[in-house]
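Visitor: I would like to go through this model with someone who can tell me what stands behind each label. Could we take the terms one at a time?

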Amino acid sequence: MSPDEPTTHEADSSAAGPMVTQGNTHGKEPSHLWRMVAIWAVLAVILDPLFYIFVGPHVPPGTMTSTAEENQFDFNVLFLVALPVMLAIWVYMAYSLITWRASRKGVAEPVGGAAAKASLGVQVGWIVTTTVLVLGAFVFGTVELIVNNGSGGGEGPNPVWTPTSATILPVQVIGQQWKFTYRYPTFGGFESSQLIVPVDTTIAFHVTSLDVIHSFWAYQLSIKADANPQQDNVAYTTTKELGSFTVRCSELCGLWHGAMYNYGSVVPKAQFMAWAKSTEVKNAANTKLLPPFAYTYVPDANGADGGYYPDNVDPYSNAEVYGATPGKSK
Amino acid sequence: MTLTAERETEVVYPDPTPPVLGGFQGLPARPGWFSQHLGTAVIGAVLGYLLGHWLGNVVGSGYSNIANSGLNSIAIVGGLTLGTAGWLLGIGALNYPLAKIVGMEPRPDYETTSWTRYFRYTADHKVVGLQYVIGVLAFLFTGGLLAMAIRTELLSPSSHVFGPGTYIAIVSEHGTIMMMMATSVIVGPLGNWLVPLMIGARRTAFPRVEAFSFWIFTAGYLVILSALFYGGFPTGWTGYAPLQTQAAGGMNSYLVGFAVIGLGMIAAGFNLAVTIINYRAPGMTWSRLPIFVWAILATCALLTLATPTLVAAGLFGILDRTAQTAFYVTEHGGSSFLWENLFWFFGHPEVYIMALPGFGIVGEMLPVFTRKPLFAYKVAAAGMIGVALLSFFVWQHHLFQSGINPDMRPLFMLTTELISIPTGFIFLVMMGSLYKAKIRFEVPMLFTLAVFFNFLIGGITGVFLSDVPVNVTVHGGFFVLSHFHYTIMGGLIFAFFGGLYFWLPKMTGKTMNKKLGLIHFWIMFIFFNLTFFPMFFIGLLGQPRRVFEYASNLQALNVFSSVSAFILGASFLVFVANFVWSVFIKPTPSPANPWDSLGLEWQTPTPVPYYNFERIPVILSDPYHYSEENAPAVADLGEGFLVAAGASTATGVAEDPRPPAE
Amino acid sequence: MSFGGRLSVVLGLFVIVVGFAVWGVVGFLLPTTPTVDFTSAQPAGSAVDLTVQTVPSIGFGPHPTWVSYLVKDPSGQWQHATIWKVPAHTRINLTILQYDSGSPLRNQQWGKVQGTTGNVEILNGKVVAVYDSNSGNGVGHTFSIPTLGISVPLVGISSSATNTCSVAPCTTTFDHNVIRASFVTPGPGQYPWQCFVPCGLGFLFGNGGPMGTLGYMGGFLDVAS
């Protein structure tokens with residue numbers, strides 16, 4: 001029978017009921033915690049390597065560029081750590097929900113004794129473990145960010161972590177409602193609707209917008225940089241594999257946001273040079289009419305008497321005026 | 001303080017019968033149709049709207065941009081603002097301050113015990129709580145209907161049910177209505193109803209402010225709904241400028257709506273925070289405070305401190321659209337980043353406003369259904385405070401790829417990772433509470449367990465999002481969308497329903513049907529996961545948010561998600577049927593304490609009288625002594641009584657712990 | 001109130017709420033711009049003639065001041081509709097009557113004709129490959145199908161013209177430009193088309209209002225099999 005368990009109010013009440021349960025009274029209590037640890041360990045040891053071997057290499061965004069590879073690696077590392085954490089909680093929940101159910105239907109049985117005590121060691125252990133895991137994730141993420149030159153994310157106009165490659169191909173991405181166009185400053189600044197880039201090259205994407213906020217998301221290249229008006233948002237990557245990739249706008253920009261996508265290709269270097277040079281020649285007539293290449297543009301707000309501000313003859317920013325002849329009022 | 005000394009300080013309400021007076025001085029009290037109620041609020045709103053619209057037309061006439069575009073934002077903003085003012089005047093929310101302003105002595109508020117009080121401006125926090133239940137459910141179902149529309153559109157990547165403009169209007173409306181609802185979904189109904197009872201108070205600190213927060217909440221619903229009638233707004237709930245400045249009429253509803261709801265949030269938060277700090281009964285020390293009250297306190301700190309930023313940001317947006325200022329227009333000297341930062345400075349504490357009350361509810365329910373004291377109570381409370389504090393320092397994780405200063409990215413990665421530490425404390429509490437417990441699987445407990453299951457997935461995916469390199473892949477697509485649905489819907493809404501099933505027997509005195517509750521739970525839980533788990537993959541495979549067209553190879557996943565979503569939506573109908581049947585159509589009286597809870601709120605009679613307690617109780621212990629057989633009641637409710645007449649305690653008749661009287 | 005009374009009140013409220021929701025969805029959300037069907041106008045395989053006009057103000061409807069496209073349906077009537085159903089893998093001969101004045105383009109890239117046969121348009125009888133929007137009358141609108149790489153700049157009429165049309169549909173007696181181009185439709189699908197000139201008067205950057213509303217300056221090319 002359960003021994004008398006003194007409660008804090010025992011002194012005042014008569015005949016304390018000996019009904020405070022504290023687990024299995026027949027023989028030794030099985031070690032629930034060790035059982036749970038064992039189940040967890042088995043699951044973790046099986047599932048983590050399975051993920052790493054079979055799923056890991058196929059995790060988006062793939063391996064087309066250095067940033068894609070690195071971001072895939074980061075995702076895999078985080079998942080390999082997160083999976084055991086989730087398994088631990090799920091195993092614990094499943095085990096406890098099955099093992100520790102109320103036996104008598106409709107009656108609330110109080111649980112006292114050792115089972116009701118909140119061990120300080122457990123609490124401290126939890127806090128320390130979560131802190132270590134979380135700080136480890138932070139250090140890992142920061143190191144990856146620095147080592148990978150910003151990991152393909154938009155770093156603003158003054159990027160801190162830049163690639164050391166000798167030749168970087170700059171490509172400007174212009175977001176406008178509702179299409180991305182691309183300018184190649186090293187090829188005369190021609191503008192094209194096609195995004196073609198050479199393989200094995202470090203590319204600097206300079207993303208800007210002519211109107212509202214868009215976001216340039218080159219999925220397989222693992223580049224994502226918001227296109228802000230009058231701002232140059234720089235993101236770096238190095239292409240590694242040939243293939244085609246999808247570019248989608250990932251910041252809601254109005255009516256046709258869902259249709260604002262195009263496809264691009266990573267092609268061999270010779271093919272790229274041929275394309276770039278021939279397009280430069282083909283577009284020369286229009287390139288003359290475009291404003292000189294600049295990292296940001298201030299379009300004439302009054303382009304079709306369409307804005308409600310006065311004619312932007314003296315623009316507020318120092319950037320190039322994109323649509324109107326400087327000094328000429330509409 | 002000794003028990004006797006504590007009792008010497010108790011306050012007895014002078015006259016338990018509420019006075020019956022009403023209206024402005026000089027006007028007779030006219031109960032019935034001619035007093036102030038929902039009908040007069042509607043009349044006031046219509047009149048105010050017409051006046052504001054006309055004034056806006058007068059002010060805006062003669063401006064070429066208004067004539068050219070055909071859109072007079074000044075008229076819309078004016079109409080919506082004065083309409084809200086008219087709504088508040090009509091319901092009587094402004095009677096007291098207006099009377100004071102003109103120097104008249106306001107009459108005490110009119111109180112009635114008839115059912116019409118639910119349609120009036122009332123100072124009884126319990127009535128306000130039940131009004132909020134209906135209000136919150138109205139928001140939830142409107143947003144849910146819009147969600148069904150979204151999933152219908154996404155059934156096919158190429159054939160379209162709605163036009164693209166209508167689709168983004170639906171998406172934006174869904175997000176905004178849900179976020180507005182989620183802010184108050186627990187603080188409003190359960191916070192207002194329970195907090196005074198849990199701390200042993202007769203009322204909240206500012207009952208008029210509390211009622212005001214409800215009526216402005218309903219005004220906000222009407223304002224944001226008006227967006228659909230103005231053609232919707234195209235920016236999503238995040239409202240990024242300068243698309244915001246460019247948008248057509250519905251955008252004004254968004255900006256005014258957030259300002260209106262924001263005022264209600266500040267009012268509600270301020271009121272409950274002061275109540276918790278100042279109105280605790282004698283003996284209710286901080287270490288005896290129920291965990292739910294801790295959660296509400298942390299939430300109210302965020303409500304009061306973070307929301308003003310939103311109101312200011314909305315005001316700048318309105319000025320940009322009406323007075324042609326350029327706060328958010330880079331081309332004319334402002335910055336599109338200003339809105340992003342102001343919005344997310346509010347937006348991040350906002351999501352913790354949504355998460356914390358959910359933690360409070362599950363913390364409150366775990367001991368009841370495991371019959372052990374709450375594990376690591378102090379750690380849980382500290383965790384909530386930690387989350388509230390840290391939530392102000394993480395907002396730029398929404399802006400990692402936006403072109404912010406790159407040095408900021410590791411900093412905000414650090415703070416975001418750090419905030420997951422106090423957030424994780426609730427899992428420690430859960431695990432410790434389940435350890436060697438005697439778990440009863442009642443409907444509220446099932447919802448509680450579902451909260452932990454869902455929030456685990458939501459929280460862990462949050463860690464992925466906070467890692468800047470991985471963020472490149474997962475931001476702006478369906479991955480982050482699934483993350484926040486898991487945390488907000490999987491965490492908060494499940495906790496809300498758990499709390500409703502738990503406390504509705506107390507709030508209404510009626511029992512909810514258990515079978516229907518189980519059906520609701522299982523359908524909702526299974527199909528919630530089937531709806532949102534595939535979305536992680538949809539996002540990883542490259543589908544951005546808020547798009548009406550997507551890559552055709554993702555159609556199978558989208559269809560699976562949509563069909564599950566339809567069934568998830570149907571599960572809410574089960575709840576509505578249960579609620580309406582059990583509370584209105586064929587009510588069954590509920591036992592006084594169906595869950596055998598030790599909480600103070602259960603020690604009152606049902607229905608709870610207007611003044612809550614005959615005498616202010618003296619609190620004797622925290623409400624988590626579930627380990628003890630015959631645990632005494634947590635409070636001494638009056639001379640000779642340890643429980644109010646008609647109530648019962650968790651473990652039978654409580655014994656008087658006081659020494660025998662001389 | 002009796003059981004029956006309560007039940008009927010609840011059912012009545014339910015009907016009202018559902019009715020309101022249905023009215024909202026059907027009345028406000030579902031309606032979209034009508035579709036004009038060109039698939040049965042000609043024998044299969046032969047080219048489709050598509051004639052549209054762009055007007056400076058539509059003159060009727062909920063937004064009379066907005067610019068808009070109109071299309072001539074197979075029976076010769078002008079329709080205010082921007083969803084045009086055409087057969088797949090068919091040549092489309094596009095004729096655009098442009099009644100609106102022009103201005104410099106926000107992005108001169110759209111002054112280049114793209115994706116049409118020969119990458120040229122015929123502007124009032126003259127072959128044009130690139131139009132300088134900073135000169136002359138500027139560009140009034142463009143007809144662009146971004147996902148198909150098609151873009152045709154529609155040059156504006158002179159801003160000092162006196163005989164301008166203000167209520168659609170416009171007749172050729174008003175000042176206008178005639179632009180012709182042709183292209184071949186791809187396989188079945190719905191391809192959004194839009195204008196790249198910010199011509200939404202009174203909206204910031206000109207891209208709100210008619211630019212952002214289906215039925216005015218944007219629509220679908222519904223290519224049917």
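**Labels and their grounds**

Guide: Let us begin with Glu69(A), which has a relative accessibility of 31% and therefore counts as partly exposed, since that class lies between under 20% for buried and over 50% for exposed. Please keep in mind throughout that this is a predicted model.

Visitor: Why is Lys240(A) called partly exposed?

Guide: The relative accessible area of Lys240(A) is 41%, and because buried requires under 20% and exposed requires over 50%, Lys240(A) falls in between and is partly exposed.

Visitor: What makes Lys240(A) and Glu69(A) a salt bridge?

Guide: The side chains of Lys240(A) and Glu69(A) come to 3.6 Å, taken from N to O, and the rule asks for a Lys or Arg side-chain nitrogen within 4 Å of a carboxyl oxygen of Asp or Glu, so the pair qualifies. The two residues belong to distant parts of the chain, 171 residues apart, with Lys240(A) in the loop between strand 8 (233-238) and strand 9 (243-249) of chain A and Glu69(A) in helix 2 (residues 66-99) of chain A.

Visitor: Which domains does the assignment give for chain A?

Guide: The assignment gives domain 1 (8-152) and domain 2 (168-299), and the centres of these two domains of chain A, taken over C-alpha atoms, are separated by 45 Å.

Visitor: How do you know that domain 1 of chain A and domain 2 of chain A touch?

Guide: In contact across the boundary are 13 residues of domain 1 of chain A and 18 residues of domain 2 of chain A, and contact here requires heavy atoms within 4.5 Å. Between them the two domains of chain A bury about 1,100 Å², with 48% of that on carbon and sulfur atoms. On the side of domain 1 of chain A, the residues that lose the most area to domain 2 of chain A are Met64(A), Thr65(A) and Gly152(A), which together make up 50% of what that side buries. The rule also finds 1 salt bridge across this interface, as well as 10 residue pairs in polar contact.

Visitor: How many salt bridges are counted between chain A and chain C?

Guide: The count between chain A and chain C is 0 salt bridges, although 10 residue pairs are in polar contact there. The contact itself takes 34 residues from chain A and 39 residues from chain C, and the two chains bury about 3,000 Å² between them, 57% of it on carbon and sulfur atoms. Within chain A, Trp256(A), Asn286(A) and Leu289(A) lose the most area to chain C, together 20% of what that side buries.

Visitor: Are Lys126(B) and Asp124(B) buried or exposed?

Guide: Both Lys126(B) and Asp124(B) are buried, and they form a salt bridge with closest N and O atoms 3.0 Å apart.

Key. Residues numbered from 1 in each chain as written. Chains lettered and ligands numbered in written order. Predicted model: local features only at pLDDT ≥ 70, side-chain atom pairs only at ≥ 80, totals over all residues. Heavy atoms only, no water. Domains from an automatic or database assignment. Buried area = accessible area lost by both parts, 1.4 Å probe. Polar contact = N/O pair within 3.5 Å; in protein donor to acceptor, adjacent residues only side chain to side chain. Helix = DSSP H or I, 4+ residues; strand = E, 2+ residues; numbered from the N terminus. Buried < 20%, exposed > 50% of the residue type's maximum accessible area, 1.4 Å probe, protein only.
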